[in-house]
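Open the model in your viewer and get ready to select a few residues at a time. We will go stop by stop, and each stop says what to pick next.

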Amino acid sequence: MNSFGRQFRWHIFGESHGPCIGVTIDGCPAGLPLEVTDFVTDMERRKGGIQKGTTPRKEDDIPVFLSGWYNGFTTGAPLTLMIENKNTRSEDYTKQRAFPRPGHADWVAGVKYGGFEDYRGGGHFSGRLTAAMVAAGVVAKKLLSHAAKNFETSIEVGATILEIGGEIDWEKGLQKAIDAKDSVGGIVECRVKGLPAGLGEHFFDSVESLLAHAVFAIPAIRGIEFGTGFAAARMLGSQHNDALLDGKGNTLTNHAGGIIGGLTNGQELVFRIAVKPTSSTPQDQQTWNRETDQVETFAVRGRHDLCIALRVPVVLEAVTAMVLADLLLLAQQIPPVLTNHNQ
């Protein structure tokens with residue numbers, strides 16, 4: 001489905017080459033100050049064409065408030081943000097319709113929707129929809145900032161690229177793809193400081209479960225690990241355990257990545273994700289031709305990212321902030337943002 005969250009619930013809509021994409025947020029408290037300028041920094045970080053290795057498709061990505069906002073504040077009604085699609089080249093995809101792209105959702109979408117899906121630019125499966133996620137993330141980050149007033153601290157969500165194409169040196173990793181006329185993936189790490197202990201639930205609504213669920217909604221994600229992650233399988237228990245230092249929950253180490261028993265423990269939340277190489281690659285590949293019913297050589301044409309991982313950090317921050325905002329609201333850890341605006 002296209003909705004996620006319980007108290008802070010978001011719903012994304014639109015297709016890559018449709019008139020617009022957007023997000024509706026239900027449960028956003030009234031009185032949260034919000035302006036279009038609040039979105040500029042994160043929307044710019046997500047854009048293609050800004051850095052080497054990203055698609056040359058450029059969009060304004062200026063959100064328009066359709067509901068739930070008035071005179072600079074959220075109203076408490078569902079908040080709907082719309083982002084127009086202006087720079088589309090749908091003819092690139094009309095020519096490729098016969099060839100489902102290897103590694104992309106083209107074929108499975110056709111099976112599920114009987115050919116009625118909007119295939120242009122990947123349609124509703126496109127990474128273009130992450131712009132809507134980032135817009136919702138801006139709102140969530142504002143709520144986290146407001147919630148931090150409860151704890152006399154700040155809640156900071158930040159994601160960074162650890163490697164591209166297996167290289168810590170990004171340029172070297174990107175050059176691999178350029179030389180091979182192919183695409184590459186990468187690893188992105190997210191860290192959250194200032195979270196209170198006790199967020200989350202045991203078992204099915206553990207913090208890891210909810211974050212993983214939301215993170216895998218980002219196209220191209222292939223893996224996630226928390227704290228030491230898979231390296232924990234090669235450690236002794238006495239090595240992996242984080243020794244408690246005091247009654248406030250401070251620990252000597254942070255192998256758990258800030259989560260114990262599905263609950264936040266007050267330490268820094270740390271997790272990493274694996275981003276696959278972009279499936280739309282200029283490299284010649286073999287794929288089935290739906291018109292001839294034969295396997296043929298095919299190369300993807302059009303505007304695509306050489307490395308989608310370059311644009312993932314801000315998207316990862318957004319979904320993380322949304323999950324945490326939802327957990328804080330459920331735990332009643334976000335104080336009312338409403339003030340008497342009539343006085």
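Helices here are DSSP runs of at least four residues, numbered from the N terminus. With that in hand, keep in mind that this is a predicted model.

**Stop 1: a loop residue**

Select Tyr-119, which lies in the loop between helix H3 (106–113) and helix H4 (130–147). Is Tyr-119 buried, partly exposed or exposed? Its relative accessible area is 25%, so Tyr-119 counts as partly exposed.

**Stop 2: the open sheet**

Next, colour the five strands that form an open sheet in the order S1-S2-S3-S7-S4, with antiparallel pairing. Strand S1 (3–4) and strand S4 (64–67) are the edges; each has a single partner strand, so one side of each has no neighbour in the sheet.

Begin with S1 and S2, an antiparallel pair joined by two bridges. Phe-4 sits opposite Trp-10 of S2. In the hairpin between S1 and S2, four residues separate the strands, and Gly-5 among them has a positive phi near 100°.

Stay on strand S2 (residues 9–14) and show its side chains. In a regular strand, side chains alternate between the two faces of the sheet. On S2, Trp-10, Ile-12 and Gly-14 make up the covered face, while Arg-9, His-11 and Phe-13 make up the uncovered one.

Move on to strand S3 (residues 20–26), which runs antiparallel to S2 and is joined to S2 by six bridges. Here Trp-10 stands opposite Ile-25. The hairpin from S2 to S3 passes through five residues.

To finish the sheet, select S4 and strand S7 (residues 79–84), which pair in the antiparallel sense over three bridges. Ser-67 has Thr-80 of S7 as its bridge partner.

**Stop 3: another hairpin**

Pick strand S14 (residues 285–289) and strand S15 (residues 294–298), an antiparallel pair with five bridges. Gln-285 is opposite Phe-298 of S15. Four residues lie between the strands in this hairpin, where Asp-293 has a positive phi near 60°.

**Stop 4: helices around H8**

Select H4 and H8 together. What is the angle at which H4 and H8 pack? The angle is about 45°, and the axes are 7 Å apart. That makes H4 oblique to H8. Their crossing is left-handed. Residues making the contact include Ala-136, Gly-137 and Ala-140 of H4 and Ala-318, Met-322 and Ala-325 of H8.

Show Val-207, Leu-210, Leu-211, Ala-214 and Val-215 of H6, which make the contact with Leu-316, Val-319, Thr-320, Val-323 and Leu-327 of H8.

**Stop 5**

In soluble globular proteins, nonpolar side chains tend to be buried together. The largest nonpolar core here has 79 residues, of which Phe-8, Val-139, Phe-271, Ile-273 and Leu-316 touch the most other members. Helix H8 (residues 312–330) supplies the largest share of this core, 13 residues.

Finally, centre the view on Phe-8. Leaving aside neighbours within four places in sequence, Phe-8 is in contact with residues including Ile-25, Ala-136, Val-139, Met-322 and Ala-325.

Definitions and conventions:
Residues are numbered from 1 along each chain as its sequence is written. This is a predicted model: local features need pLDDT of at least 70, side-chain atom pairs count only at pLDDT 80 or more; totals for chains, interfaces and linings use all residues. Side-chain values use heavy atoms; hydrogens and water are left out. A nonpolar core is a set of buried Ala, Val, Leu, Ile, Met, Phe, Trp, Tyr and Cys residues joined through side-chain atoms within 4.5 Å. Buried means under 20% relative accessible area, exposed over 50%, partly exposed in between (1.4 Å probe, protein chains only). Contact means heavy atoms within 4.5 Å. Two strands pair if DSSP finds at least two bridges between them. Axes are lines fitted to C-alpha atoms, for helices over the stretch in contact, and angles run from 0 to 180 degrees between N-to-C directions. Angles under 35 degrees count as roughly parallel, over 145 as roughly antiparallel, 65 to 115 as roughly perpendicular and the rest as oblique. A crossing is left-handed if the near helix is turned anticlockwise from the far one by less than a right angle, and right-handed if clockwise.
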